[in-house]
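Please open the coordinates in a viewer and keep the selection tool at hand.

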Amino acid sequence: MSGSDTANPYQNDRGNKDLSIGKPGGGTLTASPGTKHAMNTSQAFLIGDTMTGGYGNGPDILHACTIAVNPGEIAVIVGPNGAGKSTAMKAVFGMLNVRQGSVRLDGEDITDLSPQARVAKGMGFVPQTNNIFASMTVEENLEMGAFIRRDDIRATMEQVYHLFPILKDKRRQPAGELSGGQRQQVAVGRALMTQPKVLMLDEPTAGVSPIVMDELFDRIIEVSRTGIPILMVEQNARQALEIADKGYVLVQGRNAHTGTGKELLADEQVRRSFLGG
Ligand SMILES: Nc1ncnc2c1ncn2[C@@H]1O[C@H](COP(=O)(O)OP(=O)(O)OP(=O)(O)O)[C@@H](O)[C@H]1O
Ligand SMILES: [Mg+2]
């Protein structure tokens with residue numbers, strides 16, 4: 001998170017183009033349409049691989065669903081309401097019963113680990129709802145985020161404040177008093193406090209204005225450029241795919257389309273069905 005504040009480096013082609021970050025193996029994607037098995041994700045840094053499962057003993061929500069992200073990448077999951085986007089994220093984070101398939105982090109099978117154990121392994125997760133402690137101050141939220149750490153967290157907190165300067169100004173205020181966009185900054189900042197190796201965000205721009213959305217996306221790009229791969233769900237599909245190295249369209253718990261963000265934006269079927277033409 002030592003990103004520099006020099007002139008906007010993203011102005012031509014947003015998205016993550018930092019070549020200094022290694023992209024070991026894999027990640028070869030075949031363009032959609034209907035690429036059900038066409039992705040080489042075996043080497044992915046974080047992968048929910050052909051996951052089938054649902055809540056408790058209920059019916060399967062996910063059907064051989066695969067989502068993955070590699071170092072240096074922003075991977076974006078889009079799809080209609082109820083498609084299972086949040087469910088797929090929860091499955092990767094260990095909050096769901098994955099009946100078939102597996103979850104792997106940096107080559108290690110973590111399918112049976114608890115969410116807390118996954119945090120200890122380096123996963124940061126910002127859920128779609130209830131992602132801050134509203135009655136606690138901004139700074140207390142960040143401290144809570146660092147709960148698994150035993151070392152000095154001040155440098156990380158300064159990095160979060162550097163990324164989101166407004167949070168430093170408001171650090172003594174209850175987080176619930178902040179605007180929607182600022183609360184999402186608190187949520188992302190809280191997840192960064194564990195110094196994650198990979199960050200998962202479920203609709204980080206929900207309910208914010210287009211300008212605030214753009215700002216949040218820029219901060220997310222900045223985080224990814226520090227070397228933290230980002231796997232995120234977005235309802236603002238078009239804008240999100242513009243910054244995505246990899247995109248997944250989920251429909252009814254299945255992979256409907258997969259490709260680079262550019263490929264999906266150019267795909268006729270994806271445009272017509274999911275991007276409003
Ligand atoms: N805790 C739960 N228990 C049982 N079923 C659930 C639970 N959460 C979600 N579901 C069901 O799983 C399916 C997928 O929901 P999910 O929240 O994953 O969709 P989503 O793609 O994230 O939608 P949205 O765009 O509205 O956030 C839906 O049919 C939903 O009713
Ligand atoms: Mg959701």
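Two residues are in contact if their C-beta atoms, placed from the backbone, lie within 7 Å. The model is predicted.

Select helix α6, residues 180-192, to begin. At 1.5 Å a residue, its 13 residues should span 18 Å, and the end C-alpha atoms lie 19 Å apart, which agrees. The helix is mostly covered, with 11 of the 13 residues buried; among them are Val186, Ala187, Val188 and Leu192, and the buried set also includes Arg183 and Arg190. Next, display what covers these buried residues: the covering elements include β6 (123-126), β7 (198-202), α3 (138-145), α4 (154-163), α5 (165-169) and α7 (210-225).

Centre the view on Ile230: leaving aside residues up to four places away in sequence, Ile230 touches Val69, Ile74, Leu199, Leu201, Ile220, Val223 and Ser224.

Then select the open sheet of four strands, ordered β2-β1-β4-β5 with antiparallel pairing. β2 (62-69) and β5 (108-109) stand at the edges with a single partner strand each, so one side of each has no neighbour in the sheet. Between β1 (residues 46-54) and β4 (residues 97-105) there are seven bridges. Asp49 is found opposite Ser102 in β4.

Finish at ligand 1. The residues around ligand 1 include Tyr55, Ile61, Asn81, Lys85, Ser86, Thr87 and Gln128, together with Gly58, Gly79, Gly82, Ala83 and Gly84. By class, this shell holds eight polar, three nonpolar and one charged residues.

Note on methods:
Residues are numbered from 1 along each chain as its sequence is written. Chains are lettered from A and ligands numbered from 1 in the order in which they are written. This is a predicted model: local features need pLDDT of at least 70, side-chain atom pairs count only at pLDDT 80 or more; totals for chains, interfaces and linings use all residues. A residue is near a molecule or strand if its C-beta atom, placed from the backbone, lies within 6 Å of it. Ala, Val, Leu, Ile, Met, Phe, Trp, Tyr, Cys and Pro count as nonpolar, Asp, Glu, Lys and Arg as charged, and the others, Gly among them, as polar. Helices (H or I, at least four residues) and strands (E, at least two) are DSSP runs, numbered from the N terminus. The expected span of a helix is 1.5 Å times one less than its number of residues. A residue is buried if 20 or more other C-beta atoms lie within 10 Å of its own, exposed if 12 or fewer, and partly exposed in between; C-beta atoms are placed from the backbone. Two strands pair if DSSP finds at least two bridges between them.
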